[in-house]
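Colleague: Could you walk me through how to read a few features of a model like this one? I have the viewer open and would enjoy a guided look.

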Amino acid sequence: MAFDAFARRRRLVVFISLCILAFGVLTYQVRSPEQRRIGAPGVAVEVVLAPLAAGLSRISDVVDRGWALITEIGRLRVENRRLTAEVARLREENVQLREAAQEAQRLRSLLAFRQPSYRTVSTRVIGRDPSHWFNSLLIDRGTADGIRRNDPAVTSEGLVGHVIETSGGWARVLLILDPRSAIGVLVGRSRDAGVAEGQGQPILHVKYLSRDADIQPGDQVVTAGLGEIYPRGLVVGTVVDVTRGEGDLFQEALVRPGADLNHLEEMLILVAEGSQVSR
């Protein structure tokens, strides 16, 4: 134990002596008129201390680079969060702009629609009948805008249905797909007549076409103008299939509606000229 204590004291004395020697050499060098020459003692000190200084310099460089890297990572994380929020905002803005552009296009198409002897009232869909048995929807215009029962409803693509109920600020429209709906129609190409009935499904069933009627898939079907609801010439849809059984007196056809009745957002109500707006 005494030997270990003596060894530690000796190492301490040697270390202190070296430090004093180095300090003295450096002081001498500063005071010496020939400062560029450090002499043998200075060289000896440099030989001893140079590796230590080089090691400390490398460690300092590593620490500086590490700290710079940590600082850069923190900055990049902050920037990444900012950019993520900006991308989310721009995506939402892009969705809103696309929706506005689509709505503007639909409204331009509606405004371009013209029907002689009728004025048009543009409306928005505000509700749908949740029942699977009936196909009807609510719109945001009513008797205050001159809309009356049996007024036709259309889009720029084709016939939608007709008004079956109305009040001051709303009305209910029965779609042509409803089983209660029946429309006198003509085949646009051949002018053969029939009756298009709703089936509660996306396809209309056209009945009572004469056996000799010239009708094919792809033909356009329009309203015949018979009755008191629909004016003549409104697009109903396109023929997708024609059937005629052996010995049947009539042909039948399936017609896909021209208007997209499952995604209606706006429509026009055709109001006969001269009708009075309720106040």
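**Reading an aromatic pair**

Modeller: Happy to, and bear in mind that this is a predicted model. By the rule used here, the count comes to one aromatic pair.

Colleague: How should I read such a pair, and which residues form it?

Modeller: In general, a pair of aromatic rings is described by the distance of the centres and the angle of the planes. Here Tyr208 and Phe250 lie 5.9 Å centre to centre, with 90° between the planes. The pair counts as edge-to-face because the angle is over 60 degrees.

Colleague: Where in the chain do Tyr208 and Phe250 sit?

Modeller: Tyr208 belongs to strand 8 (residues 204–210) and Phe250 to strand 11, so the pair links distant parts of the chain, 42 residues apart.

Colleague: What about Leu249 itself: buried or exposed?

Modeller: Leu249 is exposed, because its relative accessible area is 67% and the cut-off is over 50%. You will find Leu249 in the loop between strand 10 (235–243) and strand 11 (250–257).

Colleague: And in what order do the strands of the barrel go?

Modeller: Six strands close into the barrel, in the order 1-2-5-4-3-12, with antiparallel pairing. On average, neighbouring strands of this sheet are turned by 45° against each other, direction ignored.

Technical notes: Residues numbered from 1 in each chain as written. Predicted model: local features only at pLDDT ≥ 70, side-chain atom pairs only at ≥ 80, totals over all residues. Heavy atoms only, no water. Pairing = 2+ DSSP bridges. Helix = DSSP H or I, 4+ residues; strand = E, 2+ residues; numbered from the N terminus. Axes fitted to C-alpha atoms, helices over the stretch in contact; angles between N-to-C directions. Buried < 20%, exposed > 50% of the residue type's maximum accessible area, 1.4 Å probe, protein only. Phe/Tyr/Trp six-rings, centres within 6.5 Å; stacked < 30°, edge-to-face > 60°.
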